[in-house]
Amino acid sequence: MLPISLGLVWGGWWLIRTECGRYTHYPMRLNRKSRQVYFFRQDGTVLTVPWESLFLTLGESKSPLTGTTYDLRAHVLDDDGKTVRESFSLGYPSPLGDAQSIDKFWAFLQPYMEAEDGVKRTWHHLKENTGYLVPVDNRREGWRWSIARSFMLGAHWPYLQLLFSPFLGLNALGRMLAMSTSKIPQWPEEVERANPEQPDDPYRLTWRDNGPLGWWELHWPLLCTVIGVGAFVGALGWIVSGLWR
């Protein structure tokens with residue numbers, strides 16, 4: 001148990017160092033009319049780049065906690081067309097997805113920017129195939145969503161959620177800490193003016209259109225969080241008390 005506990009403590013410290021005191025999230029805007037992409041950098045500045053100028057490829061990242069992950073990577077090239085000036089991620093379908101899953105993500109993203117009926121197709125896909133839209137627009141993620149998102153990858157396997165509840169429960173607490181210590185990103189006024197929202201847009205879709213979180217989406221993960229964190233605290237206390245004997 002000692003190596004596991006030390007590993008969890010190290011993982012918690014690593015997450016605090018990398019996730020706390022920053023921004024709650026790093027948003028992106030795609031304007032299909034002006035053909036511009038807006039990306040919120042980690043330092044709070046905004047990158048604006050034409051959609052057609054992006055060099056898109058498969059991105060690969062390695063993390064000590066999640067292993068190898070894949071995303072749709074966008075490179076901003078210099079005038080020579082070869083030198084990469086800046087890179088950012090356009091997203092990914094799932095943290096546990098493989099390289100082939102990025103093809104499916106591109107099949108979802110490309111029509112929005114390039115197909116004549118892209119807005120309608122994207123709206124239907126999000127409405128019919130996406131369970132929930134994350135409520136982080138101009139607000140912090142609430143504690144309910146911190147728990148729900150931490151357990152969401154195992155939504156089809158409740159027994160696995162319970163089995164891994166010490167890890168997932170601590171992750172939920174870490175998300176709450178990160179959200180409470182981080183700033184909400186704000187777009188500059190020039191970006192807001194270039195991307196006005198239309199309240200009467202028939203394809204407007206936000207987190208406010210979500211259905212309620214039910215038993216398996218919130219209450220079961222909440223119970224698992226209590227059990228998992230309690231088990232971790234109990235095991236840690238048992239180990240510490242043994243060291244003092």
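**Pairing, burial and a pocket**

Mentor: In β2, Arg29 has Tyr38 as its bridge partner. The model is predicted, so local features require pLDDT of at least 70 and side-chain atom pairs pLDDT 80 or more, whereas totals for chains, interfaces and linings use all residues. Residues are numbered from 1 along each chain as its sequence is written, and side-chain values use heavy atoms, without hydrogens and water.

Trainee: What makes β1 and β2 a pair?

Mentor: Four bridges join β1 and β2 in the antiparallel sense. In their hairpin, with four residues between the strands, Arg35 has a positive phi near 65 degrees.

Trainee: How many bridges link β2 and β3?

Mentor: Strand β2 (residues 36-40) pairs with β3 over five bridges, in the antiparallel sense. Phe39 faces Leu47 of β3, and Phe40 faces Val46. Five residues separate these two strands in their hairpin, where Gly44 adopts a positive phi near 95 degrees.

Trainee: Why are β1 and β3 called edge strands?

Mentor: The open sheet has three strands in the order β1-β2-β3, with antiparallel pairing. Both β1 (28-31) and β3 (46-50) pair on one side only. Neighbouring strands are turned by 15 degrees against each other on average, direction ignored, with axes taken as lines fitted to C-alpha atoms.

Trainee: Why is β2 described as largely enclosed by the rest of the structure?

Mentor: Five of the five residues of β2 are buried (under 20% relative accessible area, with a 1.4 Å probe and protein chains only), and therefore the description applies. On one side lie Gln36, Tyr38 and Phe40, on the other Val37 and Phe39, and all are buried.

Trainee: Which residues line the second largest pocket?

Mentor: Its lining includes Pro135, Arg139, Trp143, Trp207 and Leu213. A pocket is an open set of points on a 1 Å grid over the protein atoms alone where a 1.4 Å probe fits, with protein on both sides within 12 Å along at least five of seven lines; lining residues have an atom within 4 Å of a point.

Terms used:
Two strands pair if DSSP finds at least two bridges between them. Axes are lines fitted to C-alpha atoms, for helices over the stretch in contact, and angles run from 0 to 180 degrees between N-to-C directions. Buried means under 20% relative accessible area, exposed over 50%, partly exposed in between (1.4 Å probe, protein chains only).
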